[in-house]
Amino acid sequence: MDLQPLDFEKPILELERRLQELKAHSREHDVDLDSEVTAIETKLRDTRREIYGSLSAWQRVQIARHVQRPFALDYVERCFTGWSELHGDRLFADDKAMPSGLAMLDSQRCVVITHQKGRDTKENVMRNFGCAHPEGYRKALRLMRLAEKFNMPVISLIDTPGAFPGIGSEERHISEAIAVNLREMMNLRIPIIAAVIGEGGSGGALGIGVADRVLILENAYYSVISPEACSAILWRDRKHAAEAAEALKLTAHDLLKLGVVDEIVDEPEGGAHRNYETAAANLGNALRRCLAELCELSVDDLLKKRYKKFRALGNFAEPKATATRS
């Protein structure tokens, strides 16, 4: 796969180009350039470590949106077996932005709910760019109730810029569909694990994100609003998206500190798009471990911990102001 570089990766690409040229020159002219090659390789490793070790929030957003990043069905293929997609919400239609169904995680049968984007224009149109309609969330709820009926855990893979805001979506009550999911997921008597694998945009992400464990990939993000939209509101110009991304505290490490997510899943150096197998193996291991922990809890304990988890979000203690004498 030919990777499409991001702007901040240009120094790495330049070093990789020089390294290839040196190796090619050495082979063609039978010249010993081992010392020069070693020096470039060392500099390349150091540059990678420096760039990827200090990514800004906006750079992580760019990685999360990378067109070659593994999407939900790529993880389904590598982490699960026996995938069987189920279609339709039994009310209006089947939403192709949210392929969902049954699968096996080792020996455990699960219901897997996903957001799916496309890699080219044709696929993106079919998947509606990963932006689900109301029928997608109603399909997800139908399958989650099926999971509860047959005592199967639910695993949701979140990767969406947000729910679709078009006229048809509003006519079919997108906000109500998401709100119902939030309420019902709080009361499902089965383990629920959510993993943000790319973009976690607003209510579109939260509509399948109420879970006992919320995981997030290292370069994914989870936010109430996109940096561009935030910039447009605050500065009336989208060019301040990088500043907005920093202020929103939307990166995996920020979210872990705030208690919004429970665990960060490591990615290969440079992002999950550089090694699908490693990224999927890391996510699969995290899902198995969390599922094993949750399956040991009684239903009552599961529901109590879930309630306590979400009630604790957003609680902050501000230091008391000290009185000053006039």
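Predicted model: local features only at pLDDT ≥ 70, side-chain atom pairs only at ≥ 80, totals over all residues.
Helices in this talk are DSSP runs of H or I with at least four residues, numbered from the N terminus.

Let me begin with helix H10. This helix spans residues 227–234, and Leu 234 lies in it. Is Leu 234 buried or exposed? Its relative accessibility is 58%, and exposed means over 50%, so Leu 234 counts as exposed. Leu 234 also contributes to a nonpolar surface patch, together with Ile 233 and Trp 235. The area of that patch is about 340 Å².

I turn now to the packing of H10 against helix H11, which covers residues 241–248. The axes of the two helices come within 8 Å, and they cross at roughly 105°. Angles of 65 to 115 degrees count as roughly perpendicular, and H10 is therefore roughly perpendicular to H11. Which residues meet between these helices? From H10 there are Pro 227, Glu 228, Cys 230 and Ser 231. From H11 there are Ala 241, Ala 244, Ala 245 and Leu 248.

The next residue I wish to discuss is Ala 220. It is found in the loop that runs between strand E6, residues 213–217, and strand E7, residues 221–223. Its relative accessible area is 1%, and because buried means under 20%, Ala 220 is classed as buried. What surrounds Ala 220, once neighbours within four places in sequence are left aside? Its contacts include Ala 64 and Arg 69, then Val 196, Ile 197 and Gly 198. Leu 250, Thr 251, Ala 252 and Glu 267 are also in contact with Ala 220.

Arg 90 has a phi near 65°, a positive value in a residue other than glycine. Arg 90 sits in the loop between strand E1, residues 81–86, and strand E2, residues 100–105. With 61% relative accessibility, Arg 90 counts as exposed.

Asn 128 also has a positive phi, near 55°, and is likewise a residue other than glycine. The loop that holds Asn 128 lies between helix H5, residues 121–127, and helix H6, residues 134–149. Is Asn 128 buried or exposed? The relative accessible area of Asn 128 is 18%, which is under the 20% limit, so this residue is buried.

Technical notes: Residues numbered from 1 in each chain as written. Heavy atoms only, no water. Patch = residues over 30% accessible without salt bridge, like charges linked within 9 Å, V, L, I, M, F, W, Y side chains within 5 Å. Areas by Shrake-Rupley, 256 points an atom, 1.4 Å probe, with all protein chains shown as cover. Salt bridge = Lys/Arg side-chain N within 4 Å of Asp/Glu carboxyl O. Buried < 20%, exposed > 50% of the residue type's maximum accessible area, 1.4 Å probe, protein only. Contact = heavy atoms within 4.5 Å. Axes fitted to C-alpha atoms, helices over the stretch in contact; angles between N-to-C directions. Parallel < 35°, antiparallel > 145°, perpendicular 65-115°, else oblique.
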